[in-house]
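Colleague: I am new to this one. Can you walk me through how to read it?

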Amino acid sequence: MEDRFGHRISYLRVSITDRCNERCTYCMPQELQEWLPRQDILTFEETLRLIRIASELGVTKLRITGGEPLTRRDVIQLFRQLPGLTNLRDLGLSTNGTLLTREVEPGLTMAEAVRSCGFRSVNISLDTLDRAEYARITGRDLLPDVIAGIDAARAADFSQVKINSVLMRGRSENSLTSLVEFAAERNLLLRFIELMPVTTTEVLSDRNFLPVAEAKRKIESKFGPLIPQPEFKTNGPATYYQVPGRAQRIGFIGAITNLHFCESCNKLRLTCDGKLRPCLGSYLEFDIMTPLRAGASDAQLRQFFLDVVERKPEQHDFRTTYQPGRKMVAIGG
Ligand SMILES: C[S@@+](CC[C@H](N)C(=O)[O-])C[C@H]1O[C@@H](n2cnc3c(N)ncnc32)[C@H](O)[C@@H]1O
Ligand code: SF4
């Protein structure tokens with residue numbers, strides 16, 4: 001699948017729930033959430049059908065996200081069916097890490113169960129190593145569970161465990177260098193992500209926004225000039241650097257300040273309530289659940305995907321007109 005601007009779509013991010021056991025300030029409102037009713041969420045069977053169709057159209061990489069995907073009941077039953085789908089070569093999971101140590105069967109942790117379903121990489125969100133700050137950011141005092149979850153993922157032998165850290169002035173700002181050390185000790189690939197306007201506007205203000213360039217300078221003031229690694233790529237839009245004198249690499253995702261951010265975009269998103277979104281930073285979303293439930297054939301659903309790709313914008317609207325209509329938790333980061 002290729003859009004009007006030459007973006008080749010090979011990567012589908014699928015949100016399987018809008019629910020979460022945390023309340024990150026930048027992702028969802030603090031007050032009680034109204035979750036989507038069950039009948040409005042794609043069933044496992046519907047989700048698998050749409051993933052299969054996308055894979056037949058050239059999607060080779062799949063990332064499962066949410067909300068917190070590991071809160072979905074019987075999620076391992078869904079994961080077990082993924083490796084059999086056409087063309088999928090690369091399975092990844094995004095999680096807050098809090099549930100990775102949970103036993104899904106006697107003697108089998110969630111991390112091991114996910115790994116046994118063919119997942120190669122797991123991305124774990126961690127913005128700070130300060131327990132009180134973690135609780136303020138996420139609304140939950142779960143830092144020890146996340147660290148145990150990271151260690152469970154390492155023990156489960158994923159080919160890559162990444163840490164995603166959202167940059168926030170005055171919050172995660174104070175943890176940048178300790179996160180670099182933490183990642184080095186555990187052989188984790190750390191990436192810093194600029195705060196995006198996908199939440200209530202009061203959270204995202206100039207007061208909170210910390211540009212990647214400034215974060216990089218702060219890290220360099222402790223470790224020395226970071227060495228660009230233009231050849232090193234993962235699937236996403238991160239720019240990587242080597243920490244001087246170490247094998248460690250760290251990445252920066254400058255969704256707002258990097259003007260070339262969208263050029264290599266290869267993504268499409270499927271929300272848990274059956275909307276296809278061609279771009280995270282655009283209002284555009286297309287309801288594929290209605291035709292799916294009305295009995296559309298595979299050929300009709302394939303055409304639906306192609307039509308959505310055709311509408312993919314050249315770049316996101318974050319810098320101009322975008323005001324969030326949906327919170328990140330309901331889109332799937
Ligand atoms: C929506 S979460 C879903 C998966 C899982 N619950 C987690 O926290 O990793 C996916 C990613 O989006 C990031 N995220 C959420 N809101 C964001 C925002 N406003 N700006 C930048 N990243 C955001 C989170 O930090 C997380 O790394
Ligand atoms: S970022 Fe992840 S853990 Fe935090 S509220 Fe959003 S979905 Fe939940």
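Modeller: We take the ligand site, then the aromatic rings. Keep in mind that this is a predicted model.

Colleague: How many residues surround ligand 1?

Modeller: The count is 18, and the closest are Tyr-26, Gly-67, Glu-68, Ser-125 and Met-196. By class, seven are nonpolar, nine polar and two charged. Strand S3 (90-95) and strand S7 (160-167) each supply at least two residues of that shell.

Colleague: Which side chain has an N or O atom 2.6 Å from an oxygen atom of ligand 1?

Modeller: That is Ser-125. The protein covers 94% of the 540 Å² of accessible area that ligand 1 has on its own. Backbone atoms take part too. An N or O atom of the Tyr-26 backbone lies 3.0 Å from a ligand 1 nitrogen.

Colleague: What describes a pair of aromatic rings?

Modeller: The distance of the centres and the angle of the planes. The whole structure has four aromatic pairs. Phe-232 and Tyr-240 are edge-to-face, with centres 4.8 Å apart and planes at 90°. Tyr-240 counts as buried because its relative accessibility is 1%, and the cut-off is under 20%. Tyr-241 and Phe-252 are also edge-to-face, at 5.8 Å and 75°.

Colleague: Which strands hold Tyr-241 and Phe-252?

Modeller: Tyr-241 lies in strand S10 (residues 239-242) and Phe-252 in strand S11 (residues 249-253), so the pair ties together parts 11 residues apart in sequence. Both residues are buried.

How values were computed:
Residues are numbered from 1 along each chain as its sequence is written. Chains are lettered from A and ligands numbered from 1 in the order in which they are written. This is a predicted model: local features need pLDDT of at least 70, side-chain atom pairs count only at pLDDT 80 or more; totals for chains, interfaces and linings use all residues. Side-chain values use heavy atoms; hydrogens and water are left out. A residue is near a molecule or strand if one of its heavy atoms lies within 4 Å of it. A polar contact is a pair of N or O atoms within 3.5 Å; within protein, one must be able to donate a hydrogen and the other to accept it, and residues adjacent in sequence count only if both atoms are side-chain atoms. Accessible areas come from the Shrake-Rupley method with a 1.4 Å probe; for residues, only the protein chains shown count as cover. Helices (H or I, at least four residues) and strands (E, at least two) are DSSP runs, numbered from the N terminus. Ala, Val, Leu, Ile, Met, Phe, Trp, Tyr, Cys and Pro count as nonpolar, Asp, Glu, Lys and Arg as charged, and the others, Gly among them, as polar. Rings of Phe, Tyr and Trp (its six-membered ring) pair if their centres lie within 6.5 Å; planes under 30 degrees apart count as stacked, over 60 as edge-to-face and the rest as tilted. Buried means under 20% relative accessible area, exposed over 50%, partly exposed in between (1.4 Å probe, protein chains only).
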